Amino acid sequence: MNELNEFTGEENPGEIEDKIKKFKRAIRNRHRNESELPSIPALENLVTYCIDNERYEEALDFSNLWIEYYPQSIEALDTHSNILNNLARHRDAIKIADQSLEIEPENVDAMLNKAIALESMGNPQVALNIINAALEIEPENEALLYYFAFINKSLGNFEIAIEHYENLISECEPEFLMELLIDIAYCYNRIENYELAINAYKQIIDMDPYNYHIWHNLGIVYANDNDFVQSLQSFEMSIAINSKFFMGLFGAANTYATVRNFPKAIEYYRQALGIRPNDIDTMNNLASVLGDSGDYTQAINYFQSSLKLSPLQHRTLYSIGACYKAMDDFEKSIEYFDKSLKIKPHNTDVIFAKANSLHKLSRFDEAVAEYLAGLKIEPNSLDGLFDLSVVYFELKEYAKSTEILIKLEEIAPDWADIYYMQAKVFCELEDFIEATIRLQTYFEMETDIDRRDESCIDIIKKIFPNSELWGKESDD
């Protein structure tokens with residue numbers, strides 16, 4: 001036996017690297033001299049070593065030679081298929097798995113490799129059928145049982161996946177327990193059983209307290225459960241462990257935005273952009289928070305930066321329009337609403353926003369046309385109907401305004417603004433009894449409204465024009 005051609009994987013690190021380089025060079029130059037090629041046992045050890053260390057390209061070089069030596073070797077073919085899957089070469093993995101199955105039709109390892117490839121290519125149901133067939137051959141095979149649960153997770157069958165994952169835990173080797181718990185936590189989160197998802201993630205943290213990915217995942221579950229204090233603590237822990245962890249910064253920023261701590265959200269979004277300067281979601285979220293905090297100019301700047309990277313974002317164009325609208329630049333807002341509608345013409349949020357800008361510019365007929373266009377798409381839009389009733393009121397088309405308000409009262413009887421608007425209409429129609437009834441209903445529903453508010457006094461003055469109270473301060 002030529003020891004120079006041997007490899008066990010137990011050599012010292014420097015020797016391992018030297019031998020891998022030597023054998024790779026020998027494979028490339030084999031047409032000159034085959035004497036330096038690794039032996040068959042060395043080949044198997046080289047492949048195993050490279051797989052264990054996730055060096056799949058090198059593993060592939062050695063497994064190719066292994067198959068060349070033994071083209072009918074089930075072990076060589078199955079190992080080769082597994083390597084191809086790890087390299088995301090799924091079609092090639094299926095081809096090799098099929099070769100193995102031609103030799104041994106009930107080879108469950110080949111069936112598993114094929115199922116993994118199919119699931120990765122977006123065919124989870126076909127993959128599940130193969131796994132079920134393999135389980136008929138080896139019903140206690142843990143790899144098959146795990147992948148059965150995994151594919152059910154992919155298909156959204158979370159309860160089935162959880163049942164099989166939990167059955168595997170009792171028999172699970174310690175090194176695989178964390179992976180199982182991650183999958184279980186994910187499934188519990190998806191079925192909104194947040195308590196059990198949190199418990200699973202806490203078990204993982206007990207095993208690996210400095211795993212910043214798990215702290216981040218825990219933060220997401222707490223946020224989904226509306227426990228924003230615990231969510232922020234979890235995100236902050238992930239960042240404390242790794243200050244450059246983008247997803248931790250992004251998750252924390254989103255949660256700070258949710259609880260309306262805008263300065264902190266802005267700080268974390270900017271840190272996240274320092275790590276990924278061209279992340280569009282972060283740009284848009286930062287811009288939205290800046291807009292919510294009233295810094296519309298900065299918000300527009302970030303939205304514009306996002307559009308440079310991806311010009312066809314209809315929501316971003318709409319958001320720029322909303323910023324200009326908040327700045328009372330209604331002409332500019334309409335320009336961006338129109339750009340958004342060119343990309344997504346039937347978006348009622350944008351249609352109604354454009355209609356409102358037209359209304360603000362006193363372009364009433366155009367505003368009515370936009371509201372009616374939006375209401376064809378979304379006939380029961382409360383905001384769309386109410387705002388149209390206001391436009392009709394300003395056009396003195398009281399019958400049309402009343403008709404809409406009656407419809408709104410049927411749809412949303414607890415919305416106080418409807419009754420206030422009805423009171424205004426009845427005042428203009430000089431039906432002061434109905435106006436009084438509607439205004440009283442409004443006050444009963446909005447108990448914190450100051451009846452001396454100017455808008456309310458305008459209506460009351462019309463109902464009681466000769467009262468001596470006007471101009472006097474109320475003692476109440």
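Predicted model: local features only at pLDDT ≥ 70, side-chain atom pairs only at ≥ 80, totals over all residues.
Local features need pLDDT of at least 70 and side-chain atom pairs count only at pLDDT 80 or more, while totals for chains, interfaces and linings use all residues. Residues are numbered from 1 along each chain as its sequence is written, and side-chain values use heavy atoms, with hydrogens and water left out.

**View 1. Helix α1 (residues 13-28) meets α3 at roughly 50°.** Helices here are DSSP runs (H or I, at least four residues), numbered from the N terminus. The axes, lines fitted to C-alpha atoms over the stretch in contact, come within 11 Å; angles run from 0 to 180 degrees between N-to-C directions. That angle makes α1 oblique to α3 (under 35 degrees counts as roughly parallel, over 145 as roughly antiparallel, 65 to 115 as roughly perpendicular and the rest as oblique). Look for Ile-20, Phe-23, Lys-24 and Ile-27 of α1 against Glu-58, Asp-61, Phe-62 and Leu-65 of α3, where contact means heavy atoms within 4.5 Å. By class, this contact has five nonpolar, no polar and three charged residues (Ala, Val, Leu, Ile, Met, Phe, Trp, Tyr, Cys and Pro count as nonpolar, Asp, Glu, Lys and Arg as charged, and the others, Gly among them, as polar).

**View 2. The largest pocket holds about 1100 Å³ of space.** On a 1 Å grid over the protein atoms alone, a pocket is an open set of points where a 1.4 Å probe fits, with protein on both sides within 12 Å along at least five of seven lines; lining residues have an atom within 4 Å of a point. Grid points are joined across faces, edges and corners, and the volume is the space filled by probe spheres set on the points. Of the 33 lining residues, Leu-112, Ile-116, Ala-143, Tyr-146 and Phe-176 are the closest to the centre. Elements giving two or more residues to the lining include α3 (56-69), α6 (108-120), α8 (142-154) and α10 (174-190). The lining has 14 nonpolar, nine polar and ten charged residues.

**View 3. Helix α20 (residues 348-360) packs with helix α22 (residues 382-394).** Their axes lie 11 Å apart at an angle of about 20°, so the two helices are roughly parallel to each other. Phe-352, Asn-356 and His-359 in α20 meet a set in α22 that includes Asp-387, Val-390 and Val-391.

**View 4. Helix α23 (residues 398-411) and helix α24 (residues 416-428) cross at roughly 155°.** The axes come within 10 Å, and the crossing angle makes α23 roughly antiparallel to α24. Among the residues in contact are Leu-405 and Ile-406 of α23, with Met-421 and Val-425 of α24. Eight nonpolar, three polar and two charged residues make up this contact.
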